Amino acid sequence: MANGIDKTLPEPRAVLSWLIGRYKVSSSDTAGSIQLEEATLFSMSDLIRQVLYISKSTRAMSDAELHDIASKARLMNERQGITGALLFVENSFVQVIEGADAPIERLLAALRADIRHRDLTILMDRKVASRDFKNWSMGIITISEEKKADVVREIHLADTADLRADNDESEFFPDSQTFLMMKHVYETNQSLQLARGHRPG
Ligand SMILES: Cc1cc2nc3c(=O)[nH]c(=O)nc-3n(C[C@H](O)[C@H](O)[C@H](O)COP(=O)(O)O)c2cc1C
(Lines give C-alpha, C1' and ligand atoms only; values in the text may rest on other atoms or scores of the structure.)
Protein backbone atom coordinates (compact mmCIF):
# COMPACT_ATOMS: atom_id res chain seq x y z
CA MET A 1 0.00 0.00 0.00
CA ALA A 2 1.52 3.33 -1.03
CA ASN A 3 0.36 6.70 0.37
CA GLY A 4 -2.38 4.90 2.26
CA ILE A 5 -4.17 4.09 -0.98
CA ASP A 6 -5.47 0.56 -1.23
CA LYS A 7 -4.08 -0.61 -4.56
CA THR A 8 -6.62 -3.42 -4.75
CA LEU A 9 -9.48 -0.95 -5.36
CA PRO A 10 -10.31 -0.52 -9.05
CA GLU A 11 -9.35 2.78 -10.59
CA PRO A 12 -12.26 5.22 -11.10
CA ARG A 13 -11.46 5.19 -14.83
CA ALA A 14 -11.74 1.41 -14.95
CA VAL A 15 -15.11 1.53 -13.21
CA LEU A 16 -16.32 4.22 -15.60
CA SER A 17 -15.24 2.33 -18.70
CA TRP A 18 -16.88 -0.80 -17.32
CA LEU A 19 -20.14 1.12 -16.88
CA ILE A 20 -19.90 2.68 -20.34
CA GLY A 21 -19.21 -0.73 -21.80
CA ARG A 22 -22.11 -2.31 -19.98
CA TYR A 23 -24.69 0.22 -21.04
CA LYS A 24 -25.01 2.12 -24.24
CA VAL A 25 -27.46 4.81 -25.23
CA SER A 26 -30.26 3.25 -27.22
CA SER A 27 -30.44 4.41 -30.84
CA SER A 28 -34.27 4.12 -30.80
CA ASP A 29 -34.53 7.00 -28.37
CA THR A 30 -37.79 8.53 -29.60
CA ALA A 31 -39.26 9.94 -26.41
CA GLY A 32 -36.26 12.14 -25.87
CA SER A 33 -35.28 10.25 -22.79
CA ILE A 34 -32.12 8.27 -22.66
CA GLN A 35 -32.76 4.60 -22.53
CA LEU A 36 -30.10 2.28 -21.30
CA GLU A 37 -29.86 -1.13 -22.72
CA GLU A 38 -27.57 -3.97 -21.95
CA ALA A 39 -24.69 -3.68 -24.34
CA THR A 40 -22.86 -6.56 -25.91
CA LEU A 41 -19.64 -4.61 -25.43
CA PHE A 42 -18.96 -6.08 -22.04
CA SER A 43 -19.16 -9.82 -22.27
CA MET A 44 -17.36 -12.82 -20.79
CA SER A 45 -14.95 -12.75 -23.72
CA ASP A 46 -13.57 -9.40 -22.52
CA LEU A 47 -12.42 -11.05 -19.33
CA ILE A 48 -8.94 -12.35 -18.83
CA ARG A 49 -8.37 -16.08 -18.77
CA GLN A 50 -6.18 -17.07 -15.85
CA VAL A 51 -4.71 -20.53 -15.65
CA LEU A 52 -2.66 -22.10 -12.87
CA TYR A 53 -0.95 -25.40 -13.65
CA ILE A 54 1.58 -27.69 -12.18
CA SER A 55 3.95 -30.02 -14.04
CA LYS A 56 6.98 -32.20 -13.43
CA SER A 57 10.36 -31.39 -14.86
CA THR A 58 11.70 -34.23 -17.02
CA ARG A 59 15.27 -33.46 -15.99
CA ALA A 60 17.30 -31.60 -13.39
CA MET A 61 16.81 -27.87 -13.83
CA SER A 62 19.63 -25.43 -13.15
CA ASP A 63 18.95 -21.80 -12.31
CA ALA A 64 20.40 -20.88 -15.70
CA GLU A 65 17.95 -23.15 -17.54
CA LEU A 66 15.03 -21.81 -15.56
CA HIS A 67 16.05 -18.25 -16.41
CA ASP A 68 16.45 -19.25 -20.04
CA ILE A 69 12.89 -20.64 -20.16
CA ALA A 70 11.58 -17.45 -18.52
CA SER A 71 13.49 -15.00 -20.71
CA LYS A 72 12.36 -16.71 -23.93
CA ALA A 73 8.83 -16.89 -22.53
CA ARG A 74 8.92 -13.14 -21.80
CA LEU A 75 9.69 -12.25 -25.41
CA MET A 76 6.87 -14.44 -26.72
CA ASN A 77 4.40 -13.44 -24.01
CA GLU A 78 4.92 -9.74 -24.65
CA ARG A 79 3.83 -10.27 -28.24
CA GLN A 80 0.82 -12.31 -27.18
CA GLY A 81 -0.32 -10.08 -24.31
CA ILE A 82 0.35 -12.83 -21.79
CA THR A 83 1.46 -12.15 -18.23
CA GLY A 84 2.22 -14.45 -15.32
CA ALA A 85 4.67 -16.06 -12.96
CA LEU A 86 6.73 -19.21 -12.78
CA LEU A 87 7.91 -21.13 -9.76
CA PHE A 88 10.19 -24.17 -9.61
CA VAL A 89 10.07 -26.28 -6.47
CA GLU A 90 11.06 -29.91 -5.90
CA ASN A 91 11.32 -30.78 -9.55
CA SER A 92 7.90 -29.29 -10.26
CA PHE A 93 6.90 -26.20 -12.18
CA VAL A 94 3.99 -24.10 -10.97
CA GLN A 95 2.97 -21.45 -13.49
CA VAL A 96 0.28 -18.81 -13.74
CA ILE A 97 -0.53 -17.58 -17.24
CA GLU A 98 -3.11 -14.89 -17.94
CA GLY A 99 -4.31 -13.26 -21.14
CA ALA A 100 -6.93 -13.42 -23.86
CA ASP A 101 -8.50 -16.80 -24.49
CA ALA A 102 -6.92 -17.62 -27.88
CA PRO A 103 -3.27 -16.92 -26.97
CA ILE A 104 -3.70 -18.78 -23.68
CA GLU A 105 -5.14 -21.77 -25.53
CA ARG A 106 -2.20 -21.72 -27.98
CA LEU A 107 0.31 -21.46 -25.14
CA LEU A 108 -1.30 -24.37 -23.30
CA ALA A 109 -0.99 -26.49 -26.45
CA ALA A 110 2.71 -25.53 -26.76
CA LEU A 111 3.28 -26.25 -23.07
CA ARG A 112 1.60 -29.65 -23.33
CA ALA A 113 3.91 -30.52 -26.23
CA ASP A 114 7.06 -29.31 -24.47
CA ILE A 115 9.25 -32.28 -23.51
CA ARG A 116 11.04 -30.35 -20.77
CA HIS A 117 8.13 -31.20 -18.49
CA ARG A 118 5.32 -33.76 -18.21
CA ASP A 119 2.06 -34.45 -16.33
CA LEU A 120 0.76 -30.92 -16.83
CA THR A 121 -2.22 -30.62 -14.48
CA ILE A 122 -4.50 -27.61 -14.48
CA LEU A 123 -5.24 -26.49 -10.93
CA MET A 124 -7.29 -23.45 -11.83
CA ASP A 125 -8.77 -22.15 -15.09
CA ARG A 126 -11.04 -19.14 -14.74
CA LYS A 127 -12.07 -15.77 -16.16
CA VAL A 128 -11.08 -12.73 -14.12
CA ALA A 129 -11.86 -9.03 -14.53
CA SER A 130 -8.23 -8.00 -14.14
CA ARG A 131 -4.79 -9.55 -14.18
CA ASP A 132 -2.94 -10.41 -10.98
CA PHE A 133 0.53 -10.19 -12.61
CA LYS A 134 -0.05 -7.33 -15.01
CA ASN A 135 3.53 -5.99 -15.02
CA TRP A 136 5.25 -9.35 -15.46
CA SER A 137 5.47 -10.88 -18.90
CA MET A 138 6.82 -13.88 -16.93
CA GLY A 139 8.30 -13.42 -13.49
CA ILE A 140 10.32 -16.04 -11.70
CA ILE A 141 9.27 -16.57 -8.12
CA THR A 142 11.86 -17.64 -5.59
CA ILE A 143 10.69 -18.61 -2.13
CA SER A 144 12.11 -19.28 1.29
CA GLU A 145 12.61 -22.83 2.61
CA GLU A 146 9.82 -22.18 5.09
CA LYS A 147 7.30 -21.30 2.34
CA LYS A 148 8.51 -24.22 0.24
CA ALA A 149 6.84 -26.67 2.62
CA ASP A 150 3.37 -25.27 1.81
CA VAL A 151 4.03 -25.49 -1.91
CA VAL A 152 5.35 -29.04 -1.64
CA ARG A 153 2.26 -30.04 0.32
CA GLU A 154 0.07 -28.68 -2.46
CA ILE A 155 2.13 -30.36 -5.17
CA HIS A 156 1.58 -33.69 -3.42
CA LEU A 157 -2.11 -32.94 -3.01
CA ALA A 158 -2.38 -32.23 -6.73
CA ASP A 159 -0.58 -35.52 -7.39
CA THR A 160 -3.02 -37.53 -5.35
CA ALA A 161 -6.30 -35.74 -6.16
CA ASP A 162 -7.87 -36.67 -9.46
CA LEU A 163 -8.24 -33.08 -10.60
CA ARG A 164 -9.24 -33.99 -14.12
CA ALA A 165 -12.10 -36.29 -13.10
CA ASP A 166 -14.55 -33.49 -12.41
CA ASN A 167 -13.68 -31.23 -15.32
CA ASP A 168 -16.36 -28.55 -15.51
CA GLU A 169 -13.97 -25.88 -16.77
CA SER A 170 -14.37 -23.83 -13.61
CA GLU A 171 -11.99 -23.66 -10.70
CA PHE A 172 -10.47 -26.91 -9.62
CA PHE A 173 -8.28 -25.47 -6.97
CA PRO A 174 -9.67 -22.04 -6.14
CA ASP A 175 -7.97 -21.77 -2.76
CA SER A 176 -4.49 -22.65 -3.94
CA GLN A 177 -2.07 -21.43 -1.28
CA THR A 178 0.67 -21.52 -3.87
CA PHE A 179 -1.26 -19.14 -6.11
CA LEU A 180 -1.90 -16.75 -3.20
CA MET A 181 1.77 -16.90 -2.25
CA MET A 182 2.85 -16.14 -5.84
CA LYS A 183 0.44 -13.19 -5.90
CA HIS A 184 1.83 -11.98 -2.60
CA VAL A 185 5.42 -12.13 -3.94
CA TYR A 186 4.33 -10.13 -7.00
CA GLU A 187 2.54 -7.50 -4.89
CA THR A 188 5.51 -7.16 -2.53
CA ASN A 189 7.83 -6.75 -5.51
CA GLN A 190 5.60 -4.04 -6.98
CA SER A 191 5.43 -2.12 -3.68
CA LEU A 192 9.21 -2.31 -3.34
CA GLN A 193 9.65 -0.95 -6.85
CA LEU A 194 7.30 1.92 -6.05
CA ALA A 195 9.08 2.66 -2.77
CA ARG A 196 12.39 2.81 -4.66
CA GLY A 197 10.85 5.25 -7.08
CA HIS A 198 10.90 2.76 -9.94
CA ARG A 199 8.05 2.28 -12.30
CA PRO A 200 6.78 -1.23 -11.47
CA GLY A 201 7.78 -3.74 -14.12
C1 LIG B 1 7.89 -24.62 -17.46
C2 LIG B 1 7.77 -23.95 -18.79
C3 LIG B 1 7.14 -22.72 -18.88
C4 LIG B 1 7.02 -22.08 -20.11
N5 LIG B 1 6.39 -20.87 -20.19
C6 LIG B 1 6.19 -20.28 -21.38
C7 LIG B 1 5.50 -19.06 -21.49
O8 LIG B 1 5.07 -18.46 -20.51
N9 LIG B 1 5.35 -18.52 -22.73
C10 LIG B 1 5.82 -19.13 -23.85
O11 LIG B 1 5.63 -18.59 -24.96
N12 LIG B 1 6.50 -20.28 -23.77
C13 LIG B 1 6.69 -20.88 -22.59
N14 LIG B 1 7.37 -22.06 -22.51
C15 LIG B 1 7.89 -22.64 -23.76
C16 LIG B 1 6.79 -23.35 -24.51
O17 LIG B 1 6.55 -24.61 -23.91
C18 LIG B 1 7.20 -23.55 -25.98
O19 LIG B 1 8.44 -24.13 -26.06
C20 LIG B 1 7.23 -22.21 -26.69
O21 LIG B 1 6.03 -21.51 -26.50
C22 LIG B 1 7.46 -22.39 -28.19
O23 LIG B 1 6.41 -23.12 -28.71
P24 LIG B 1 6.33 -23.50 -30.25
O25 LIG B 1 7.60 -24.24 -30.54
O26 LIG B 1 5.10 -24.35 -30.38
O27 LIG B 1 6.23 -22.19 -30.97
C28 LIG B 1 7.54 -22.71 -21.29
C29 LIG B 1 8.17 -23.94 -21.17
C30 LIG B 1 8.30 -24.58 -19.94
C31 LIG B 1 8.98 -25.90 -19.86
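Strand β3, residues 48-57, and strand β5, residues 92-99, are joined by eight bridges, and the two run antiparallel. To give you one spot to look at, Ser 55 stands opposite Phe 93 in β5. Before I go on, please keep in mind that this is a predicted model.

Now zoom out to the sheet. Which strands form it, and in what order? There are five of them in an open sheet, and the order is β6-β3-β5-β4-β7, with mixed pairing. At the edges you'll find β6, at 117-128, and β7, at 139-141, each pairing on one side only. If you ignore direction, neighbouring strands here are turned by 15° against each other on average.

There's also a helix lying against this sheet. α4 packs on it and touches β3, β4 (that's 83-89), β5 and β6. Compare directions, and α4 makes about 95° with β4.

Is Leu 123 buried or exposed? It counts as buried, because it has 23 C-beta neighbours inside 10 Å, and the cut-off for that is 20 or more.

When we talk about two packed helices, we give the angle between their axes and the distance between the axes. For α4, residues 145-160, and α5, residues 177-195, the axes come within 9 Å and cross at roughly 140°. Who makes the contact? On the α4 side we have Lys 147, Asp 150, Val 151 and Glu 154, and on the α5 side Gln 177, Thr 178 and Met 181. By type, that's two nonpolar, two polar and three charged residues.

Last stop, the ligand. Which residues come nearest to it? Out of the 15 residues around the ligand, those are Ala 73, Met 76, Ala 110, Asp 114 and Arg 116. As for where the shell comes from, α2 (63-80), β5 and α3 (101-113) each supply at least two residues. α2 gives the most, with four. And what is the shell made of? It divides into 10 nonpolar residues, three polar and two charged.

Technical notes:
Residues are numbered from 1 along each chain as its sequence is written. This is a predicted model: local features need pLDDT of at least 70, side-chain atom pairs count only at pLDDT 80 or more; totals for chains, interfaces and linings use all residues. Axes are lines fitted to C-alpha atoms, for helices over the stretch in contact, and angles run from 0 to 180 degrees between N-to-C directions. Two residues are in contact if their C-beta atoms, placed from the backbone, lie within 7 Å. Ala, Val, Leu, Ile, Met, Phe, Trp, Tyr, Cys and Pro count as nonpolar, Asp, Glu, Lys and Arg as charged, and the others, Gly among them, as polar. Two strands pair if DSSP finds at least two bridges between them. A residue is near a molecule or strand if its C-beta atom, placed from the backbone, lies within 6 Å of it. A residue is buried if 20 or more other C-beta atoms lie within 10 Å of its own, exposed if 12 or fewer, and partly exposed in between; C-beta atoms are placed from the backbone.
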